[in-house]
Amino acid sequence: MAMEIPRKMKAIQYSTYGGPDVLHCEEVPVPVAGENEVLVRVHAVGINPGDWQIRSGLAGDRFKLPYIPGWDVSGVAASVGAGVTNFSPGDAVYGMTVNSGGCAEYVVVPARYLALKPDSVDFVEAAALPQSAFTAWHALFVQGKLETGQTVLINGAAGGVGHFAVQLARWKEARVIGTASARNESYLLDLGATAFVDYTASLPTEIERSADIVLDTVGGEKVDWLLDILKPGGRLVPITWGRYSSVKAAKASVTVQEVQYPAISTAYLDELTHLVNGGQLNVTIDSVFPLEDTAKAHEKSESRRARGKIVIRVL
Ligand SMILES: NC(=O)c1ccc[n+]([C@@H]2O[C@H](COP(=O)([O-])OP(=O)(O)OC[C@H]3O[C@@H](n4cnc5c(N)ncnc54)[C@H](OP(=O)(O)O)[C@@H]3O)[C@@H](O)[C@H]2O)c1
């Protein structure tokens, strides 16, 4: 299906690092799909903490300015570059860009980072999935090697990554302890968590030395207590920086893994599609913003209070 592609498009971009006010809606050229790439007419963009971490300069200054944020996209293939055989113009797709650029009407994505959109969800839900659900999958099953019948504690279980991790671990028939503040207790138990821990209250002693794996999505300076939750031989899998005492870890005979940033692929996205279409993996949408309000979406994410995912609707 041929699609008319304009030469200019609306995009949110910034030319200096800083607060949400550096984000501006501007007119920029529509990119062109190169070899093995797909030009996607963007319908929705999922927000990730990485978006504002880069924008604020927290992730360093190696990102070339001006910069268009947004990694997770869903939309329709507008054109395909040479060598692309698995997508055609008109296909509804979702996936992840290589270096942001999603907060725009069009974005170029390598075909190997795209898949056909799950039929059972709309574009907003599809855009919420790639980075968070894949990160949860990789942390639990590739790094954590979680097996049926094991126990996993998910720190930050109500967030973008955490709420997918709860469902994936339950799909694996693992026991799930989810941490969040009290307002998320019934949400997490409804999502499938076997037990709930309010991180603002004192720790229930029965969870000490009870978990085979801890997935930490929170990190920071005050996460040493997570080492007390692991059984000897257990694995702590962090997806963000945290200060864990190596002395304490050695004493408890547990290991703390390195933070990894694995690359997504069509094969992983197809696995997610299968679970979404089968009803085993559902998306919680915290809030949806129009493209022009990307700054508000960043502010919401930066508050660290999102339940599930924040998404920008472009079309
Ligand atoms: N390594 C990777 O490939 C990768 C990929 C994606 C994300 N990340 C990183 O992973 C981290 C989490 O990402 P995300 O998208 O899941 O974040 P998020 O959606 O912003 O997380 C928000 C959630 O965190 C919870 N929370 C805040 N403080 C908490 C605490 N002290 N204990 C337990 N829960 C707490 C909140 O629950 P309450 O409101 O109940 O407090 C809220 O539901 C970010 O730093 C991100 O940069 C890494």
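## Overall make-up

The protein chain contains 9 helices and 15 strands. With a radius of gyration of 20 Å, close to the 20 Å that the globule rule gives for 315 residues, the protein chain is as compact as a globular protein of that length. This description concerns a predicted model.

Taken along the principal axes, the box filled by the C-alpha atoms of the protein chain is roughly 60 × 40 × 35 Å.

## Burial, surface and contacts

Of the 315 residues in the protein chain, 54% are buried. The accessible surface amounts to about 13,700 Å², and carbon and sulfur atoms account for 51% of this surface.

Contacts within the protein chain can also be considered by separation in sequence. Among those between residues at least 6 apart, 64% join residues at least 24 apart.

## Domains

The domain assignment divides the protein chain into domain 1, given as 8-129 + 283-313, and domain 2, given as 132-256. Taken over C-alpha atoms, the centres of domain 1 and domain 2 are separated by 29 Å. Where the domains meet, 11 residues of domain 1 are in contact with 12 residues of domain 2.

## Strands β14 and β15

Strand β14 (residues 285-290) and strand β15 (residues 309-313) run parallel and are joined by 5 bridges. Within this pairing, S287 stands opposite I310 in β15.

Technical notes. Residues numbered from 1 in each chain as written. Predicted model: local features only at pLDDT ≥ 70, side-chain atom pairs only at ≥ 80, totals over all residues. Heavy atoms only, no water. Pairing = 2+ DSSP bridges. Helix = DSSP H or I, 4+ residues; strand = E, 2+ residues; numbered from the N terminus. Rg over C-alpha atoms; globule rule 2.2 N^0.38 Å. Buried < 20%, exposed > 50% of the residue type's maximum accessible area, 1.4 Å probe, protein only. Contact = heavy atoms within 4.5 Å. Areas by Shrake-Rupley, 256 points an atom, 1.4 Å probe, with all protein chains shown as cover. Domains from an automatic or database assignment.
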